[in-house]
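Reader: Please go through the contacts and strand pairing of the model shown here, with the cut-offs given.

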Protein chains: 2
Amino acid sequence: MIEILRNIVENTPDAHGAVLMGFDGIAVAQHCTEDSAAEGVDVESIAMEFSFRFIELRNAAESLEMGELSDITIKAEKGTVLVRILDEEYFVAVVMANAKHFGKGRWMLRSNAPALHNEL
Amino acid sequence: MIEILRNIVENTPDAHGAVLMGFDGIAVAQHCTEDSAAEGVDVESIAMEFSFRFIELRNAAESLEMGELSDITIKAEKGTVLVRILDEEYFVAVVMANAKHFGKGRWMLRSNAPALHNEL
């Protein structure tokens, strides 16, 4: 599982790290770059802080009869968070320094999601 | 303002509509396709249901010192919502039937955001 997360991070330029987490905010596994720690970016804390909000977004989509959520993207001044939902309990998130390589990150998440899900 | 929203919708394939809304869920202006009404898609209700959650995401980003949120994307089975935040009070959202033309929608939102903001 760590190897898959490492692969996502190493192939997504400007990624600080990737984490597989439950919607309860508890991380299953993560891989972060050395630079992210040096820059004081805490990938796990970022994913955890958003995880409870993701439940709210999922509930909203459900009440709107939009079906299951599959992806969430949040872009802020100092970082971008890409999320791929794996199932009712787990998601995988990539935290990036910026949105320049957003497309590559999203593709890496999607193409690796089935393998991550298989390991749960 | 309606003309700008119409321009966004007409140039984003598979868009149901666009709405300029306050974070309190009250719409300022909107433009929807005729098809969206026929298909029972209520663009204003979708944006309103998510608006309160957007405040939560903004608060999370703030507490994580990620700076101001600028974009949010939510992809579900039966629809995709693209959001561009205009300022502390307002955002513009495009509701799409799918994510196929996500890139075009995002570009239309970004390139028209300054003009929409000017009219507020």
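Predicted model: local features only at pLDDT ≥ 70, side-chain atom pairs only at ≥ 80, totals over all residues.

Author: Residues are numbered from 1 along each chain as its sequence is written, chains are lettered from A and ligands numbered from 1 in the order in which they are written, and side-chain values use heavy atoms, with hydrogens and water left out.

Reader: How much area do chain A and chain B bury between them?

Author: Contact (heavy atoms within 4.5 Å) takes in 31 residues from chain A and 31 residues from chain B. Buried area is the accessible area, with a 1.4 Å probe, that two parts lose on being put together, summed over both. Carbon and sulfur atoms carry 64% of it, and the total is about 2,700 Å².

Reader: Which residues in chain A lose the most area to chain B?

Author: Three residues together make up 24% of what the chain A side buries. They are Arg53(A), Met66(A) and Lys75(A).

Reader: Which residue of chain B meets the side chain of Arg53(A) in a salt bridge?

Author: A salt bridge here is a side-chain nitrogen of Lys or Arg within 4 Å of a carboxyl oxygen of Asp or Glu. Two are counted between chain A and chain B. In one of them, at 3.4 Å from N to O, the partner of Arg53(A) is Glu56(B).

Reader: Which element supplies the largest share of the side of chain A that touches chain B?

Author: Helices (H or I, at least four residues) and strands (E, at least two) are DSSP runs numbered from the N terminus. Helix 3 (43-63), strand 3 (69-76), strand 4 (79-85) and helix 4 (102-118) of chain A each supply at least two residues of that side. The largest share, eleven residues, comes from helix 3 of chain A.

Reader: What is the bridge partner of Leu20(A) in strand 2 of chain A?

Author: Strand 1 (residues 15-22) and strand 2 of chain A run antiparallel, joined by five bridges. Within strand 2 of chain A, the partner of Leu20(A) is Ala29(A).

Reader: How far apart are the closest N and O atoms of Glu3(A) and Arg6(A)?

Author: Glu3(A) and Arg6(A) are separated by about one helical turn because they are three residues apart in helix 1 (residues 2-10) of chain A. The pair forms a salt bridge, with the closest N and O atoms at 3.3 Å.

Technical notes: Pairing = 2+ DSSP bridges.
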